[in-house]
Amino acid sequence: MAVQLQNVWHLRKVAEPSAKPCDICFKPTSSVLITPDQKDHFYICPGHLKDRGFCSPVVDEAEVAAKKRKEELDREIESVKKEYEEKLKKRKNLKDSKQKGKEKKTTGDDKSGEKTMDDGENDEAEKEKNDKVRHPLAYLIHSTEPI
């Protein structure tokens, strides 16, 4: 009696020295599709993972929505923290200027310089985040024959 396999495969990465040829095109690859019960696997190159005729990613809508909501909340928290820090700096600068008798123009110039540095750091963080390649963890294999 043959056990029928599920058509859900999880993407795993192996170390580069352990890379083996793709089971379809024989190019070296470190990507492996494996069943959830880990009884079957095969090496697959990234080109075949992008091929919609071969497989398609399994997308959990609830998980995607929760992740998006969490990212929005994190951004909101960061913006509130920045506003609070700016208010504290403003208060400190006003207090210092009153004590030392400085002009408000010089403190305004310092703040504009700080903002440009923060903006540059934010741009770099966003670039790093966008540069990361995200692969779905599960795929469905398309075939004309039953598995």
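This is a predicted model: local features need pLDDT of at least 70, side-chain atom pairs count only at pLDDT 80 or more; totals for chains, interfaces and linings use all residues.

The sulfur of Cys45 lies 3.7 Å from the closest cysteine sulfur, that of Cys25, and this is too far for a bond. A disulfide is counted here when a pair of cysteine sulfur atoms lies within 2.5 Å, and the structure holds 0 disulfides. Cys25 is accordingly in no disulfide, its nearest cysteine sulfur being that of Cys45 at 3.7 Å. In general terms, a disulfide is a covalent bond between the sulfur atoms of two cysteines. Burial is judged by relative accessible area, with buried meaning under 20%, exposed over 50% and partly exposed in between, using a 1.4 Å probe and protein chains only. Cys45 counts as buried because its relative accessibility is 8%, whereas Cys25, at 30%, counts as partly exposed.

Residues are numbered from 1 along each chain as its sequence is written, and side-chain values use heavy atoms, with hydrogens and water left out. The pLDDT is the predictor's confidence in each residue, from 0 to 100. The mean pLDDT of the protein is 78, and 71% of its residues reach 70 or more. Over residues 110–117 the pLDDT is below 50, and beyond near neighbours in sequence this stretch has 4 contacts in the model; a contact means heavy atoms within 4.5 Å.

The protein contains 3 helices and 7 strands. Helices (H or I, at least four residues) and strands (E, at least two) are DSSP runs, numbered from the N terminus. Along the sequence they follow the pattern β-β-β-β-β-α-β-α-α-β. Among contacts with a separation of 6 or more, 52% join residues 24 or more positions apart.

Five of the strands form an open sheet with antiparallel pairing, in the order E5-E4-E1-E7-E6. Two strands are taken to pair if DSSP finds at least two bridges between them. Strand E5 (41–43) and strand E6 (55–57) stand at the edges; each has a single partner strand, so one side of each is left without a neighbour in the sheet. Neighbouring strands of this sheet are turned by 35 degrees against each other on average, direction ignored; the strand axes are lines fitted to C-alpha atoms, and angles run from 0 to 180 degrees between N-to-C directions.

Strand E1 (residues 9–13) can be followed to both of its neighbours. It is joined to strand E4 (residues 31–34) by 4 bridges in the antiparallel sense, and Leu11 stands opposite Leu33 in E4. E1 also pairs with strand E7 (residues 138–141), antiparallel and over 2 bridges, with Ala138 as the bridge partner of His10. Beyond this, E7 pairs with E6 over 3 bridges, again in the antiparallel sense, and Ser56 stands opposite Leu140 in E7.

What does the largest nonpolar core contain? It has 12 residues: Trp9, Leu11, Cys22, Leu33, Phe42, Ile44, Cys45, Leu49, Phe54, Cys55, Tyr139 and Ile141. Such a core is a set of buried Ala, Val, Leu, Ile, Met, Phe, Trp, Tyr and Cys residues joined through side-chain atoms within 4.5 Å. E1 and E7 each supply at least two residues of this core.

Trp9 lies in strand E1 and counts as buried because its relative accessibility is 5%. Not counting residues up to four places away in sequence, Trp9 touches residues including Leu33, Phe42, Tyr139 and Ile141. Trp9 and Asp40 are 31 residues apart in sequence, yet 9.2 Å apart in space, C-alpha to C-alpha.

Phe26 lies in the loop between strand E2 (20–21) and strand E3 (28–29); its phi is near 65 degrees, a positive value in a residue other than glycine. Phe26 is exposed, with a relative accessible area of 61%. Gln38, in the loop between E4 and E5, has a positive phi of about 60 degrees although it is not a glycine. At 59% relative accessibility, Gln38 counts as exposed.
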